[in-house]
Amino acid sequence: MSKEERQAEVETITEAIKASPNVYVTDFAGLGVAKMTEFRRRLRGAGAKYVVVKNTLAERALQTHGITTLNEYLKGPTGLVLSTEPLAAAKVLTEFARENQKPGIRAGLVDGAPVSKEHIQRLGSIPDRQTLLAMVAGSLNNILAGFAGCLEALREQRGAASNA
């Protein structure tokens, strides 16, 4: 790869990182072409992008943004998950890694803050917005049902007291 090609690659990675405040560093070793294609398709569906990078070029691109916390994770076969939405990308990454034991999650940045592998996995386990809203609605329904039950018990108690 010539110097110009390397510089162009660094600029491409730099622009991708600039557009995506959430970056997850992965190890894609052992992931076949079919699985890699499926992984990228799922990420696209979540509004994320997967880029296989050369470590030194990724390091240069990250340094352009003043990011040095990920340098220690840029070893071996490396891919970057780039996303504007941290939960959706983490969910796809975590689920795919659980199903296939690959790609390996190393670390990442969420809104510019460094996060560990465990943090990314916790983000991936958070239910989606629809599910969370359904859980809140169910909780509110239970509260209202309990309140209605209390009012009914009071009404019955007053009715029994007036009959006595």
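**View 1. The five-stranded open sheet in the predicted model.** In this predicted model, five strands form an open sheet in the order S2-S3-S1-S4-S5, and their pairing is antiparallel. Strand S2 (48-53) and strand S5 (113-116) are the edge strands, so named because each pairs on one side only. Neighbouring strands of the sheet are turned against each other by 20° on average, with direction ignored. Strands of a sheet pair through backbone hydrogen bonds, either parallel or antiparallel.

**View 2. The pairing of strands S1 and S4.** Strand S1 covers residues 22-27, and strand S4 covers residues 104-110. The two strands pair in the antiparallel sense over five bridges. Which residue in S4 is the bridge partner of Val-23? The partner is Leu-109.

**View 3. Helix H5 across the sheet strands S1, S4 and S5.**

**View 4. Leu-43 and the residues around it.** Leu-43 is part of helix H2, which spans residues 33-45. Is Leu-43 buried or exposed? The relative accessible area of Leu-43 is 0%; a residue counts as buried under 20%, so Leu-43 is buried. Leaving aside neighbours within four places in sequence, Leu-43 is in contact with Ala-48, Tyr-50, Val-81, Ala-89 and Val-92.

Key: Residues are numbered from 1 along each chain as its sequence is written. This is a predicted model: local features need pLDDT of at least 70, side-chain atom pairs count only at pLDDT 80 or more; totals for chains, interfaces and linings use all residues. Side-chain values use heavy atoms; hydrogens and water are left out. Helices (H or I, at least four residues) and strands (E, at least two) are DSSP runs, numbered from the N terminus. Axes are lines fitted to C-alpha atoms, for helices over the stretch in contact, and angles run from 0 to 180 degrees between N-to-C directions. Contact means heavy atoms within 4.5 Å. Buried means under 20% relative accessible area, exposed over 50%, partly exposed in between (1.4 Å probe, protein chains only).
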